[in-house]
Amino acid sequence: MKIAGKIDWPTMPETPVKPDLGALRIDAHKRGARKAGKRIAMISVALLAALVVTGGVYAYMHQAPSVQVATINAPGAGPQALLNASGYVTPQRRATVAAKITGRVTGVFFTEGLRVHQGFVLATLDDSDAQRALASAKADRNATQASIVDLQVQLKNAEIELHRTQELRAAGVQTQQALDNATMAVNSLKAKIDYTQEQVLAADARIKESQQAVDNCVISAPFDGIIVSKDAQVGEMVSPISAGGGFTRTGIATIVDMASNEIEVDVNENYIARVKPRQEVTAVLDAYPDWKIPCRVRTIIPTADRQKATVEVRIAFDKLDPRILPDMGVKVTFLGEEDKQAKEAPGGVMAPQSAVRDDRGEKIVFLVKGDHVERHAVKVGTANGAQTQILAGLTPGDTLVVGGPADLRDGETVTIKR
């Protein structure tokens, strides 16, 4: 039975195929050629590896040694450093200006960084109550002074009465009692006038007191300087003493007299004997590490801090500069007098001790000339710390090897270690 869409293909008889083993046979000539190729490849790899190793060994053995160098500077003629210390720039005159009375700020007339002169008005306080008290004191003084005029009129009339009574008494018309009464009236009026005048003086004193209260509402700069801090604003309450709670200010502004800047350092008490008044000092600000500022010791505070075992030293600048600001960090070097023996020494330069080598009893150094070194014999003087005095064989500007192989040779090529 045939199914639609299906094709019946004729069946072919299956014929067994025998494998041809002869096709797998390797020709003896080809087999020999393949073995020879492997040998050549292995020999080539071995030769290449030997060349690489030989080249590496040769490069390692012939590479330029790395050295560290230092340049010889001209010998200094100034004093030697005795002691180093660190501290801060501090002004001698620095004030937080405050009000003498408690009051509300009504005006602030400065900003940070403003240069002010003595007497400059920094701020004002509410003076309405003080002004009323001043007006009342003036009114009392005026009223008291006006009563003196009335007393003087009465005194003039009493003196006339006294004169008349004296004449009548001399004529025998008036009694002694009438004369005494007239005299008493004159003296009483004089006493009242004197008392009233004293009252006027007292009123003047009260006026001055009230005026002082008004003046206290004006806060002025106490000296020339620069405003470095603004501590109060309009509408805030200020007081000469803290009221607690953080709602009342105790200061208006902070003023610094830049002309009074100096350096304050703490010196270990073990080394304070090296510091003398008027001693030369070199200062370097942390903000300007390449700027050496000449200074001198102004004073040594005659007391020690037992907790820190230090003594405070104040150092004055030889010349002030606008770049020197309060509270800047500074490092100072106390300088001693120039060594007399060094001044009398026969010249020479100072070189690092590590640059001087001993070659069979002879002192030598290696100078760097381009990419190679040159051996130089030198004459060594006295040693000073890590430096050695070279009396002969070197000049300022020479570049010395201070670190490198111990077997350096004259003329050997080197590389400078950075």
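Reply: Gladly. The chain has four helices and 24 strands; helices (H or I, at least four residues) and strands (E, at least two) are DSSP runs, numbered from the N terminus. This is a predicted model, in which local features need pLDDT of at least 70 and side-chain atom pairs count only at pLDDT 80 or more, while totals for chains, interfaces and linings use all residues. Residues are numbered from 1 along each chain as its sequence is written, and side-chain values use heavy atoms, with hydrogens and water left out.

Me: What is the average pLDDT of the chain?

Reply: The average is 81, and 80% of the residues score at least 70. The scale is the predictor's confidence in each residue, from 0 to 100. Where pLDDT is low, the predicted coordinates should not be read in detail.

Me: Why is Ile-148 called buried?

Reply: Buried means under 20% relative accessible area, exposed over 50%, and partly exposed in between (1.4 Å probe, protein chains only). Ile-148 has 8% relative accessibility, so it counts as buried. Its place is in helix H2 (residues 128–171). Leaving aside neighbours within four places in sequence, Ile-148 is in contact with Ile-193, Thr-196, Gln-197 and Val-200. The C-alpha atoms of Ile-148 and Thr-196 are 6.3 Å apart, although 48 residues separate them along the chain.

Me: Which class does Thr-310 fall into, buried or exposed?

Reply: Thr-310 has a relative accessible area of 12%, so it is buried. It lies in strand E15 (residues 310–317).

Reply: Rings of Phe, Tyr and Trp (its six-membered ring) pair if their centres lie within 6.5 Å; planes under 30 degrees apart count as stacked, over 60 as edge-to-face and the rest as tilted. A search of the whole structure finds one aromatic pair. In it, Tyr-288 and Trp-291 are 5.8 Å apart centre to centre with 80 degrees between the planes, and the pair is edge-to-face. Tyr-288 has 29% relative accessibility, so it counts as partly exposed.

Me: How do you know that Arg-323 lies over the face of Tyr-288?

Reply: A charge sits over a ring if NZ of Lys or CZ of Arg is within 6 Å of the ring centre and within 35 degrees of the ring normal. Arg-323 lies over the face of Tyr-288 at 5.6 Å from the ring centre. The charged end of Lys-230 likewise sits over the ring of Phe-110, at 5.9 Å from its centre.

Me: Why do strands E3 and E5 stand at the edges?

Reply: Two strands pair if DSSP finds at least two bridges between them. The open sheet has the order E3-E11-E8-E5, with antiparallel pairing. Strand E3 (94–97) and strand E5 (115–116) each have a single partner strand, so one side of each is left without a neighbour in the sheet. E5 and strand E8 (residues 225–230) pair over two bridges, and Val-116 stands opposite Gly-225 in E8.

Terms used:
Contact = heavy atoms within 4.5 Å.
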